[in-house]
Amino acid sequence: MARSVKVAVIGAGVAGLAAARELQREGHTVVVFEKNNRVGGLWVYDPTSDSDPLSLDPTRDIVHSSLYLSLRTNLPRQLMGFLDYPFAKRESGDPRTFPGHDEVLRFLEEFAAEFGIHGLTRFETEVVKVEMNEKGKEWVVESRLTRGGESGDSVSREVFDAVVVCSGHFVEPRLGEVPGIEKWSGFQMHSHNYRVPQPFNHQVVILIGVGPSSSDIGRDIAPVAKEVHVATRLNSDSKGMKLKNCGNIWFHDMIKCVCEDGLVAFEDGFSVYADSIIHCTGYKYHHPFLETNGVVTIEDNRVGPLYKHVFPPALAPSLSFIGLTFKEAIFHVKELQSKWVARILSGKVLLPTEEEMMEDIRNFYQFMEENGLPKRYTHALRPFQVDYKDWLVAQIGLPPLEDWMEQMYSECFKNLVEMKENYRDEWDDNQWDAIIQTQSAK
Ligand code: FAD
């Protein structure tokens, strides 16, 4: 007989929406806690940003979203839908295959409306603490109202059988080490707080990092800035190179040091007086509300120990995490993880024993170590993405995902790594439509 439990879902971004839908479908009682006043998570653009541009001050006012105004998706919409609810083009919306961020938000709002998620959600309610009660079987979730941006003092407590953490992981910045930075006189920010290019008018701007945000922000700023210099460890071929269509973007080695007078010296011997440094150096996992007495830890960006990136064996199945994984078409992964969690909680699918799960995790960590993969890549799905998704669909009794999804993601990943400038607009929709149709017809 299927079991129905009372579940708290923390966050109403993509992960929380997927989790809420699957838990509800499985017959569980679901309460979604969302500190914002709407669904969508990171896809809710906010023109304001953290009160500390580097986001280091723990007492700063925090803005959840890292979106910049010009942001378009870095994956085609086919990879940003749900398996049974695609992110289709609509006449009234942004018809592009790589649409602007507001089109994604509209899609997520429609998804939430379609599946009745709004009715399950306590908006403007921030979870401040999650811990096991004395019985060691239930979770106490403490929350407070955040109405109007003000955190209320009164804390509500409620008991749940299970908690699914969907709070996102693009809020707490990671900064690179730059020798001399404490005395450097220019302006610094983390990409989390970048919104529009105008503050960088006529400036010499340094970007650290070469991920999707750095690539977008560089092109956003270049038309108004004097010069943009990107410090990168990757793509040795592109070092010293100027971007074709943005003649004022240069790529360099990492920064060797910076000086009090504003000079920035790169390891390739180039140096320049700069006005601003934008750290596009990624984020840290951060669950400030979660108290597990050290059962779940975060070490060098490894949240662990987690079985298949989702369940801490000692607290499974009542505590789970959706969406920690990256370097993959994450909408689909979050959906599959959500289906798995919902079925584990109802007892339709069983987990291995705690010891077996720990053994699996130890083997995985050992594999990473033997292959020189740093801890901070623990949740990066590449190169395990196909096995991981195949494993998840097998657990929940679905057929394997069609090959075009993996092929399409690989193509995008290649475009990003090769820093193709116009890959979004050069995307060949007809070619992909034909591939999808052929595979779907089989
Ligand atoms: P989020 O969207 O961050 O949602 C978390 C939710 O939890 C938020 O609503 C937040 O308010 C809420 N919350 C957090 N803490 C609490 C609390 N204590 N109490 C109550 N509520 C809480 N992915 C793609 O597939 N395509 C893209 O083009 C793409 N572009 C990206 C661009 C940028 C700049 C970044 C940073 C990421 C991008 N991503 C992209 C990845 C992105 O992470 C996912 O698309 C996805 O939106 C993340 O969903 P999530 O639900 O895990 O987290």
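## Sheet containing E10 and E11

Strand E10 (residues 204–208) and strand E11 (residues 227–231) run parallel and are joined by five bridges. Within this pair, Val205 has Val228 of E11 as its bridge partner. The model described here is predicted.

E10 and E11 belong to an open sheet of five strands with parallel pairing, ordered E9-E16-E10-E11-E12. Its edges are held by strand E9 (187–190) and strand E12 (249–252); each has a single partner strand, so one side of each is left without a neighbour in the sheet. On average, neighbouring strands of this sheet are turned by 20° against each other, direction ignored. Helix H3 (residues 212–221) packs on the sheet and touches E10, E11, E12 and strand E16 (276–279). The direction of H3 makes about 170° with that of E10.

## Sheet containing E1 and E2

Another open sheet has five strands in the order E3-E2-E1-E7-E20, and its pairing is parallel. Here strand E3 (121–122) and strand E20 (319–321) stand at the edges; because each has a single partner strand, one side of each lacks a neighbour in the sheet.

Five bridges link strand E1 (residues 6–10) with strand E2 (residues 29–33) in the parallel sense. In this pairing, Ile10 stands opposite Phe33 in E2.

## Nonpolar surface patch

Phe367, Leu373 and Tyr377 make a nonpolar surface patch of about 240 Å². Leu373 is located in the loop between helix H5 (354–370) and helix H6 (385–396). The relative accessibility of Leu373 is 30%, and this residue therefore counts as partly exposed.

Methods
Residues are numbered from 1 along each chain as its sequence is written. This is a predicted model: local features need pLDDT of at least 70, side-chain atom pairs count only at pLDDT 80 or more; totals for chains, interfaces and linings use all residues. Side-chain values use heavy atoms; hydrogens and water are left out. Patches are made of residues with over 30% relative accessible area and no salt bridge: like charges are joined within 9 Å, nonpolar side chains (Val, Leu, Ile, Met, Phe, Trp, Tyr) within 5 Å. Accessible areas come from the Shrake-Rupley method with a 1.4 Å probe; for residues, only the protein chains shown count as cover. A salt bridge is a side-chain nitrogen of Lys or Arg within 4 Å of a carboxyl oxygen of Asp or Glu. Helices (H or I, at least four residues) and strands (E, at least two) are DSSP runs, numbered from the N terminus. Buried means under 20% relative accessible area, exposed over 50%, partly exposed in between (1.4 Å probe, protein chains only). Two strands pair if DSSP finds at least two bridges between them. Axes are lines fitted to C-alpha atoms, for helices over the stretch in contact, and angles run from 0 to 180 degrees between N-to-C directions. Contact means heavy atoms within 4.5 Å.
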